[in-house]
Amino acid sequence: MIAPDLETAIDELQELVEGARVIAPFTGAGISTECGIPDFRSPGGLWTKNRPIPFDEFLASQAMRDEAWRRRFAMDAQFSAARPGRGHLALASFYRAGKAPAVITQNIDNLHQSSGISAEHVIELHGNNSYALCLTCGKRYELSWVRRQFTDARERAPDCTDCGGHIKTATVSFGQPMPEREMRRAEQLTLDCDLFLAVGSSLVVWPAAGFPLLAKRNGARLVIINREATEFDEIADVVIHQDIGTVLSPFIVH
Ligand code: NAD
């Protein structure tokens, strides 16, 4: 059911949150747009500017790896200036209150951790772009190091100093295998919850989009908060087509 107005939406959400035993928040890029990080699919979003680089292309060519790092560094100011928004703070309040044991996120921006949720309770389905990993041996690299090498080598992406493997932000690109442990943990929380909150996701990226469906099939209530309609609106108990920060700010407890 689509909430007819903001006030009704907040009331309905309040009732569901109060009645819930376990909440599973599931977030997408829309929760971070008010923090200055564009999403993929909104007008002006990242896809209108650059087609994402699929994993096989990253592996296949030095030019693509150079381009991937060029894009990452071009967004550095945006990512490092970003602070958690009202949506992040509200979900952190559910976490502190013991209602949400963890957050499942498709985001790579580290903002749930910055909002006070312990890193071990942020289930990152698509990784994190605030550090990098060697794709062969798994060695961790800080972005400051990568940037120095990249700049010194006139915008050539560096390889691992230990094994020569390719270094990539610790994110999951299209075509790259999903992290198994995170997928298992997300599934477990989805099955444990009685209220699943999908916040700021177009719900078109699979397999992540399978979680709201699984929650609903398992008997949980499903709430979707997203400015635009999603394919799952018709199976949701409450659909809120409003701004995330506005809807969730009454739930922030300092
Ligand atoms: P998406 O871009 O496909 O969808 C975002 C949705 O959020 C859109 O439907 C949009 O209408 C809605 N939205 C944007 N701002 C909103 C607001 N203030 N209030 C209400 N709704 C709002 O994002 P997705 O579903 O997360 O999938 C895209 C993929 O892109 C994910 O895998 C994610 O890893 C990646 N991504 C991440 C970030 C980030 O980490 N912040 C940013 C861009 C893309």
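Colleague: Where does the ligand lie relative to the domains?
Modeller: Check which domains supply the shell. Domain 1 (1-36 + 84-126 + 178-254) and domain 2 (38-81 + 128-171) both contribute shell residues, so the ligand lies between them. The domain bounds come from an automatic or database domain assignment. Keep in mind that this is a predicted model: local features need pLDDT of at least 70, side-chain atom pairs count only at pLDDT 80 or more, and totals for chains, interfaces and linings use all residues. Residues are numbered from 1 along each chain as its sequence is written, and side-chain values use heavy atoms, with hydrogens and water left out.

Colleague: Which residues come nearest to the ligand?
Modeller: A residue counts as near if one of its heavy atoms lies within 4 Å of the molecule. There are 27 residues around the ligand here, and Arg41, Gln106, His126, Ser201 and Ser202 come nearest. By type, the shell has eight nonpolar, 13 polar and six charged residues.

Colleague: Which polar atoms of Asn226 and Ile244 face the ligand, side-chain or backbone?
Modeller: Look for polar contacts, meaning pairs of N or O atoms within 3.5 Å. For Asn226 a polar side-chain atom sits 2.9 Å from a ligand oxygen, while for Ile244 a polar backbone atom is 3.0 Å from a ligand nitrogen. There's also His126, with a side-chain N or O atom 2.5 Å from an oxygen of the ligand. As for cover, the protein takes up 97% of the 850 Å² of accessible area that the ligand has on its own (Shrake-Rupley method, 1.4 Å probe).

Colleague: On to the sheets: what is the strand order in the open sheet of six?
Modeller: Strands are DSSP runs of E, at least two residues, numbered from the N terminus, and two of them pair if DSSP finds at least two bridges between them. The order is β3-β2-β1-β7-β8-β9, with parallel pairing. β3 (122-124) and β9 (238-240) are at the edges with a single partner strand each, so one side of each has no neighbour in the sheet. The twist averages 15° from one strand to the next, taking angles from 0 to 180 degrees between N-to-C directions of axes fitted to C-alpha atoms. Inside that sheet, two bridges join β1 (residues 23-27) to β2 (residues 103-105), and Phe26 has Ile104 as its bridge partner in β2.

Colleague: And how does the pairing run in the open sheet of three strands, parallel or antiparallel?
Modeller: Antiparallel, in the order β5-β4-β6. The twist there averages 45° from one strand to the next. Three bridges join β4 (residues 127-134) to β5, and Tyr131 has Glu142 as its bridge partner in β5.

Colleague: Which peptide bond is cis?
Modeller: Check omega: the bond from Trp206 to Pro207 is cis, with omega near 5°. Pro207 belongs to the loop between β7 (195-199) and α10 (210-217).

Methods:
Polar contact = N/O pair within 3.5 Å; in protein donor to acceptor, adjacent residues only side chain to side chain. Nonpolar A, V, L, I, M, F, W, Y, C, P; charged D, E, K, R; others polar. Helix = DSSP H or I, 4+ residues; strand = E, 2+ residues; numbered from the N terminus.
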